[in-house]
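Subject: Structure for you to look at

Hello,

Here is the structure I said I would pass on. Please open it beside this email and read along.

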Amino acid sequence: MRPGDRVNWAYSPRGGYGYIINVAGVVKKLTAKRATIEVARKVGGVWQKEQRSVSLEKLAPRTKPSPELGE
């Protein structure tokens, strides 16, 4: 994995509901254990980009483009 790669982030909401949501993202920065990724979030009906720091274990490669991220 390297900066610019498309990934799916396995996001697990807080509260222990027991399900995982795949969130499309793009790798911006990598360290030994974590990655900074850019994801899109819908706020007030408008998609906004934000950066999140996530564990590398929660990332998987993605092949399909995401229109919300401008791909």
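First, the background. This is a predicted model, in which local features need pLDDT of at least 70, side-chain atom pairs count only at pLDDT 80 or more, and totals for chains, interfaces and linings use all residues. Residues are numbered from 1 along each chain as its sequence is written, and side-chain values use heavy atoms, with hydrogens and water left out.

The core

Which residues make up the largest nonpolar core? There are nine: V7, W9, V23, V27, A35, I37, V39, V54 and L59. A nonpolar core is a set of buried Ala, Val, Leu, Ile, Met, Phe, Trp, Tyr and Cys residues joined through side-chain atoms within 4.5 Å. Buried means under 20% relative accessible area, exposed means over 50%, and partly exposed is in between, using a 1.4 Å probe and protein chains only. At least two residues of this core come from each of β1 (6-11), β2 (21-30) and β3 (34-43). The most come from β3, which gives three. Strands (E, at least two residues), like helices (H or I, at least four), are DSSP runs numbered from the N terminus.

V27, one of the core residues, touches M1, R2, P3, G4, D5, V7, T36 and I37, leaving out residues up to four places away in sequence. Contact here means heavy atoms within 4.5 Å.

The pocket and the aromatic pair

The largest pocket holds about 170 Å³ of space. Its lining consists of W9, Y11, I21, V23, V39, A40, R41, E50 and R52. On a 1 Å grid over the protein atoms alone, a pocket is an open set of points where a 1.4 Å probe fits, with protein on both sides within 12 Å along at least five of seven lines; lining residues have an atom within 4 Å of a point. Grid points are joined across faces, edges and corners, and the volume is the space filled by probe spheres set on the points. β1, β2, β3 and β4 (46-55) each give at least two lining residues, and β3 has the largest share, with three.

Two of the lining residues, W9 and Y11, also form an aromatic pair. The structure holds one such pair. The ring centres are 5.1 Å apart and the planes are at 55°, so the pair is tilted. Rings of Phe, Tyr and Trp (its six-membered ring) pair if their centres lie within 6.5 Å; planes under 30 degrees apart count as stacked, over 60 as edge-to-face and the rest as tilted. W9 is buried at 9% relative accessible area, whereas Y11 is partly exposed at 30%.

Single residues

R62 sits in the segment after β5 (59-61). Is R62 buried or exposed? It is buried, with a relative accessible area of 11%.

N8, in strand β1, is partly exposed at 23%. Its contacts beyond four places in sequence include N22, L59 and R62. The C-alpha atoms of N8 and N22 are 5.7 Å apart, although the two are 14 residues apart along the chain. V43, in β3, and L56 are 13 residues apart in sequence and 26 Å apart in space, C-alpha to C-alpha.

Regards
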